[in-house]
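Open the model in your viewer and keep the selection tool ready. We will go stop by stop.

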Amino acid sequence: MDTTQLLKGVLDLAVLAVLDRSDSYGYDVVRRLREAGLDEVGDASVYGTLRRLFKAGALTSYVVPSEEGPHRKYYGLNDTGRATLARSAKTWAAFAHTMNDLLDDVEKGSR
Amino acid sequence: MNARDEEIARYAAGVRAALADLPETDRQELVEDLEDHLAEIAAESGEPLAARLGPPESYAAELRAAYGAGSAAGKRGRRLREAAVAAGRLVDDNPALRRGWAYLREFRPAWWLARGYLAAMLVWRFLDGSWTVWPGGLERGLLAAVLVVASGVVGVRHKDRPARARTRTVLAGANAVAVLGLLGLYLGGGPSSPPWESPAAYEPSPSMETAAQFGGGPDGVLNIYPYSKDGKPLKDVLLYDQRGRPVQVPFEDGGWVLDQPCGSPPPISNAYPLPLRQLTEEELSMQDPANPEPTCAPGSPAPAPQPSGAPAPTGDPSPSGGPSPTGDPTPSEDPSPSPSG
């Protein structure tokens, strides 16, 4: 199955989850998502998602100047973001549970 | 500025250009630190940005989709754009649609030319107050040529390079005007010349050589052969014009007469196809061409032709007509459209 299609639906959740661990900037969020196993995550998708979540009021942001290399715009969860994350995580857990049940039957049948 | 910085600047400029139609606030918010972000990616490896991220346009499209672009442009604009994005995604996700769309795009040059011509027609429309398809004059022809070429040039220029936001709006507007012009044509004329006010006879237009015409002399319409849409010939189809007048064709122009077997009522003058037969040499020589005399026995009282109010057949009843099949004038070119399917 095409992972990018699946990713479209859960990218918000994935980005919120990454930021919940620690504040981060765009490039770093992409890197951490890929390290976590979401190899196919698109750079622009993450960048755009961060901007949208920020605009929607789920994130705080601050610029960290750096002496060598570019300035970095860090993002972190605010209360709205954390509430969104909790809600979305619950939805995801239920959804994943349902899917696992479905697929469990499929696996038993094929054995 | 080293080569890497230049590459980053160029890539960022490409992305910005592709987002040019977004409201300024959205665009700024979306790409304010794009260069810094790209620099991080560039620092990761020596690979060119376009190789890692794809072309700037697709990067911009992904950015736009993830951002849910267009939120500040008012509800209608946003809905339109969302619909466009959704349609784009639908096309992207469906291989058949994608192929179809790619195929349609091959016809863009034809549309550019048609668009220019439609614009010219729109100008003529305002000059005349009615729609005309043909220039009818050197200046008008030149105007059409200029507009067609201009439209083509604009099309070619923006084929691969997205236009700036304002230009794009203007282009979209021009396209919409052209489409509306087409619709106007299709609906049969502008408000100043509704079809029900136009004269009953078709105006012969000298440049239209492919369509059959009324009043075109021997080459014009002398009879009408109606066919059903599945290709079956229809008989006795009564035709009327927009004022309810029976449609009559000047079949005398081709040397035809209405064929009436003696003793039968005269044929209905607007029931198509008309039973016509060619005048014989003798009849031709005997007859005053302006006023062909009745050739059938005058004993049979001619009932009023249906429908009531229909003018009498222009060709008078004629005698000695054989049974209609033999006299039936079938044009040498087969008028039957090949049945579809």
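Select chain B. Buried residues make up 20% of its 341 residues. A residue is buried if 20 or more other C-beta atoms, placed from the backbone, lie within 10 Å of its own, exposed if 12 or fewer, and partly exposed in between. Chain B has twelve helices and four strands. Helices (H or I, at least four residues) and strands (E, at least two) are DSSP runs, numbered from the N terminus.

Before going on, note that this is a predicted model: local features need pLDDT of at least 70, side-chain atom pairs count only at pLDDT 80 or more, and totals for chains, interfaces and linings use all residues. Residues are numbered from 1 along each chain as its sequence is written, while chains are lettered from A and ligands numbered from 1 in the order in which they are written.

**Stop 1: where the chains touch**

Show chain A and chain B together. The contact takes 16 residues from chain A and 18 residues from chain B. Two residues are in contact if their C-beta atoms, placed from the backbone, lie within 7 Å. Which helix of chain A gives the most to the side that touches chain B? Helix 3 of chain A does, with nine residues.

**Stop 2: two crossing helices**

Select helix 3 of chain A and helix 5 (residues 56-67) of chain B. Their axes come within 7 Å and cross at roughly 35°. Axes are lines fitted to C-alpha atoms, for helices over the stretch in contact, and angles run from 0 to 180 degrees between N-to-C directions. Residues that meet here include A:Y47 and A:R51 from chain A, and B:Y59 and B:L63 from chain B.

**Stop 3: the core**

Now pick A:V15, A:V46, B:V15, B:L38 and B:L63. Of the 41 residues in the largest nonpolar core, these touch the most other members. A nonpolar core is a set of buried Ala, Val, Leu, Ile, Met, Phe, Trp, Tyr and Cys residues joined through C-beta atoms within 7 Å. Zoom in on A:V15. Among the residues it touches are A:V29, A:V46 and A:L53.

**Stop 4: the sheet in chain A**

Three strands of chain A form an open sheet in the order 1-3-2, with antiparallel pairing. Strand 1 (24-25) and strand 2 (59-64) stand at the edges, each with a single partner strand, so one side of each is left without a neighbour in the sheet. Two strands pair if DSSP finds at least two bridges between them. Select A:S24: its bridge partner in strand 3 of chain A is A:Y75.

Conventions: Lists of a residue's contacts leave out its neighbours within four places in sequence.
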